Amino acid sequence: MWAAAASSSATVLRNSRTDDADLQRFDDCEHQRGLSPEGRQQAAALGLALRQAHCDIAEVVSSPLCRALATAELACGQAATPDPALAYLPYMRRDRRALAREHLRDWLSRPVAAGRVRVVIADAANLMDLTGTYPAECAPQAFVATGPGTFEPAGSLPAPPWSAVTQARSAES
């Protein structure tokens, strides 16, 4: 999978594990479900794995939800560009969900320079509607753009035992 991620045009992630707080407001992170300590560890471990696979990240775009933005920063080592059109929640109106799904399709079908990868952090329901798979928290899926509005899967990983990667990270320190 890591070779696929390094050579794909887009690697898509769902945010890492969150705490149980209810989503109340979008305008500040104090009122959103944030990453749990385990989720922060998952995202940091994923970042190590991406670096070890020599993924050359061209850009990082994300749902504007704070948990997605935090996952981007921890996993990619850089702030993501928030894209409000990637926000996708099950209780949204059907037409709004369709727009978010098509916007994700656009991101996945855009080419990037050879040898580079775009990281897109999107909400699980959006990924499910578009790809037919419901990703585990912080589980990467790689896609290759094949033309305007089209892409193909290039590989994926289930939520692996991140503890092995985290232990490797600790040993590097």
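Is Pro-111 buried or exposed? In this predicted model, where local features need pLDDT of at least 70, side-chain atom pairs count only at pLDDT 80 or more, and totals for chains, interfaces and linings use all residues, Pro-111 is exposed, with a relative accessible area of 66%. Residues are numbered from 1 along each chain as its sequence is written, and side-chain values use heavy atoms, with hydrogens and water left out. The class follows from cut-offs on relative accessible area, with buried meaning under 20%, exposed over 50%, and partly exposed in between, for a 1.4 Å probe and protein chains only. Pro-111 sits in the loop between α4 and β4, and, leaving aside neighbours within four places in sequence, Pro-111 is in contact with Arg-118 and Ala-145, where contact stands for heavy atoms within 4.5 Å. Thr-146 lies 35 residues from Pro-111 in sequence, while the C-alpha atoms of the two are 8.1 Å apart in space.

Of the 173 residues in the protein, 44% are buried, and among contacts with a separation of 6 or more, 63% join residues 24 or more positions apart. The accessible surface comes to about 8400 Å², with 52% of it belonging to carbon and sulfur atoms; such areas come from the Shrake-Rupley method with a 1.4 Å probe, and for residues only the protein chains shown count as cover.

The interior can be followed through its nonpolar cores, each a set of buried Ala, Val, Leu, Ile, Met, Phe, Trp, Tyr and Cys residues joined through side-chain atoms within 4.5 Å. The largest has 16 residues, of which Ile-57, Val-60, Cys-76 and Val-119 touch the most other members. At least two residues of this core are supplied by each of α2 (37-52), β2 (56-62), α3 (66-76) and β4 (116-121), and the largest share, four residues, comes from α3. A second, separate core of eleven residues includes Trp-107, Val-120, Phe-143 and Phe-151.

The charged side chains come next. Side chains of opposite charge can pair when their charged atoms come close. With a salt bridge taken as a side-chain nitrogen of Lys or Arg within 4 Å of a carboxyl oxygen of Asp or Glu, the count comes to six. In one of them, Asp-56 pairs with Arg-116, the closest N and O atoms being 3.1 Å apart; Asp-56 lies in strand β2 and Arg-116 in strand β4, so the pair ties together parts that are 60 residues apart in sequence. Asp-56 is partly exposed, with a relative accessible area of 35%, and Arg-116, at 29%, also counts as partly exposed. Another salt bridge joins Asp-95 and Arg-93 at 2.8 Å, N to O; here Asp-95 is partly exposed at 43% relative accessibility, whereas Arg-93 is exposed at 60%. Arg-110 and Asp-106 meet at 2.6 Å, N to O, with Arg-110 partly exposed at a relative accessible area of 29% and Asp-106 partly exposed at 30%. Arg-101, Glu-102 and Arg-105 are linked in a network of salt bridges.

Which side chain of opposite charge is nearest to the buried Asp-83? That side chain is Arg-110, 6.1 Å away, and Asp-83 has no salt bridge; in this assignment of charge, Lys and Arg count as positive and Asp and Glu as negative, while His and the chain ends are not counted. Asp-83 is found in the loop between β3 (81-82) and α4 (94-109), and its side chain reaches the backbone nitrogen of Ala-85 at 3.0 Å. Not counting residues up to four places away in sequence, Asp-83 touches Ser-62, Ser-63, Pro-64, His-103 and Trp-107, and Trp-107 is also one of the residues of the second core.

Conventions: A polar contact is a pair of N or O atoms within 3.5 Å; within protein, one must be able to donate a hydrogen and the other to accept it, and residues adjacent in sequence count only if both atoms are side-chain atoms.
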